[in-house]
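Good morning. Please have the structure open while I talk.

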Amino acid sequence: MVFTIPNTDVPQKDADRAAVVAVTSRAVFELDESDDVCRLGVAHPLLQALQRVNECLLEKNPNESLLFDVILMISDSQQQQQRSRIISSTRHHGLQVSKFCFCSEDNLVEGLLQNQVHLFLTTDINEVQRVSHKGVLSGLLDQEQTFCPSDQLRVMICGDAILQPNSRQQYLQSFLAHIGEMRQRFDFFNAPLAIVLVTPHGGRDSCSSALKRLRSHGVNVDEAYCLAGAPRGPIMSVLRPHFLLNDGVDSLEEL
């Protein structure tokens, strides 16, 4: 069974224009039986960064409809039992979550489809694989989110996902179209949204092809890196993206 509750404290977004991002509640909150309010989890910097992008877009145009619409997915049985606590904790921390979707693990994909989610984010690689194989674009959150900035959303795109077409390519292109248009709203410097391309394999030609493919979809990246098989650790520790857009099978560490 799947049911969704709107957050009446947050203005609802335009369903035809918003980029709908669903985040698992396990990454947003840490349950602690001793506290009435749930502690914030690893996804807090991500939510702050998404909110920052929305705020900057609305500062430029108060009537802007191209915004991030955040949905909290509660599929964990333990958190399901604490529905009111999760909702009140969201309000207590001032999180700009538009909706709460409650579902079982088996109905997670159904919940994502019902809410027309463009991107699902989780810290569980198995969940990424399961959801992405059902056709929903999924990304893996950085487990070290505390090192990610809260004033700039950093989206990393894997060049392989751009150059190797698969059944999920259309979902990736749809989300890229949203963030590409958002990025165009801002100047090059000091933007609240940064798009980074990393090509793990191949040489400069692969990176160039990925850049051209992205530009054909209206996406101009802020930075591009051609690793050509080089170690990824050093550059990842500097870039600190909030999540990786790939084909749903690799983690940030395995990129």
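Cys-101 is buried, with a relative accessible area of 0%. Keep that residue in mind; I will come back to it. This is a predicted model.

Let me start with strand E8, residues 138-141. In a regular strand, the side chains alternate between the two faces of the sheet. In E8, Ser-138 and Leu-140 are on one side, and Gly-139 and Leu-141 are on the other. Are these residues buried or exposed? All four are buried, so both faces of E8 are covered.

Now the neighbours. Strand E7, residues 119-122, runs parallel to E8, and 3 bridges join them. Phe-120 stands opposite Ser-138 in E8. To get from E7 to E8, the chain passes through helix H6, residues 125-132. This β-α-β crossover is right-handed.

E8 also pairs with strand E12, residues 243-245, again over 3 bridges, but in the antiparallel sense. Here the bridge partner of Leu-141 is Phe-243 in E12.

Back to the cysteines. How many disulfides does the structure hold? The count is 0. A disulfide is a covalent bond between the sulfur atoms of two cysteines. For Cys-101, the closest cysteine sulfur belongs to Cys-103 and lies 4.6 Å away, which is too far for a bond. The cut-off used is 2.5 Å. For Cys-158, the closest cysteine sulfur is in Cys-207, at 11 Å, so that pair is too far for a bond as well. Cys-158 also counts as buried, at 1% relative accessibility.

Terms used
Residues are numbered from 1 along each chain as its sequence is written. This is a predicted model: local features need pLDDT of at least 70, side-chain atom pairs count only at pLDDT 80 or more; totals for chains, interfaces and linings use all residues. Side-chain values use heavy atoms; hydrogens and water are left out. Buried means under 20% relative accessible area, exposed over 50%, partly exposed in between (1.4 Å probe, protein chains only). Helices (H or I, at least four residues) and strands (E, at least two) are DSSP runs, numbered from the N terminus. Two strands pair if DSSP finds at least two bridges between them. A crossover is right-handed if, with the strands pointing away from the viewer, the path from the first strand over the helix to the second runs clockwise.
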